[in-house]
Amino acid sequence: MASWSDFAADEPRLADGIRVLLQQYGPGFGYLATVRADGGPRVHPVSPVITDEGLFCFIIDSPKRRDLERDGRYALHSFPPEESDDEAYVAGHASPVTDPARVARLAQTARAEPQVDWRLFEFTVDVAMLTRREHQITGIPGLPPSRPAVRVWLDPRAPAAAPLGVPQARPTRLSRDVKCTTAAA
């Protein structure tokens, strides 16, 4: 499983695009999907923290924290920008950070409230995806909508079982551009 830093070193432009969408409103903002005890999905808004050390999240005592403690699989999706339908997606495994010095350093960097019952989790990256859509020109008859540009990175060292609905096929390269097609009406 690749750390965020490993992924960013391998695909810096893709990592930067994902970081921009996750931090578009200042501090990180996205939706975290976890796996409930019954196997179903659970989605929560969170504030991910991206540093040179990795991708992290401070999780308060909650169902999502219990999900991560029991089954570390996660998916993180960006909040949609106001001006486009661009989106970022990262999935992999979360694990608690147990090194007190690292926790303290990241808590200070992210200004995590010390009186709150939170735990710091680090998220590895099995798959990362960035979708960019050109701004639509409206009101022009006959102008077809543009297709999105999708960039996907799959960790070649990740287990064969894909996290949370990622296609099973692994590319021979570490990243690829995906051609998206629209269904015929």
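**Close-up views of a predicted model**

**View 1. Lining of the largest pocket.** By class, seven nonpolar, six polar and one charged residues line the largest pocket. Nonpolar here covers Ala, Val, Leu, Ile, Met, Phe, Trp, Tyr, Cys and Pro; Asp, Glu, Lys and Arg are charged, and the others, Gly among them, polar. A pocket is an open set of points on a 1 Å grid over the protein atoms alone, where a 1.4 Å probe fits, with protein on both sides within 12 Å along at least five of seven lines; lining residues have an atom within 4 Å of a point. Pro27, Gly28, Val49, Thr109 and Ala110 lie nearest the centre. Strand S3 gives the largest share of the lining, three residues.

The model is predicted: local features need pLDDT of at least 70, side-chain atom pairs count only at pLDDT 80 or more, and totals for chains, interfaces and linings use all residues. Residues are numbered from 1 along each chain as its sequence is written, and side-chain values use heavy atoms, without hydrogens and water.

View 2. Helices (H or I, at least four residues) and strands (E, at least two) are DSSP runs, numbered from the N terminus. Leu14, Ala15, Gly17, Ile18, Leu21 and Leu22 of H2 are buried (under 20% relative accessible area, 1.4 Å probe, protein chains only; exposed is over 50%). They share one side of H2 because they cover an arc of only 160° around the axis, taken from the directions from the helix axis to the C-beta atoms. Exposed Pro12 and Arg13 sit on the face turned away.

**View 3. Surroundings of Phe7.** Phe7 touches Leu14, Ala15, Ile18, Val125, Ala128 and Trp153, leaving aside residues up to four places away in sequence. Contact means heavy atoms within 4.5 Å.
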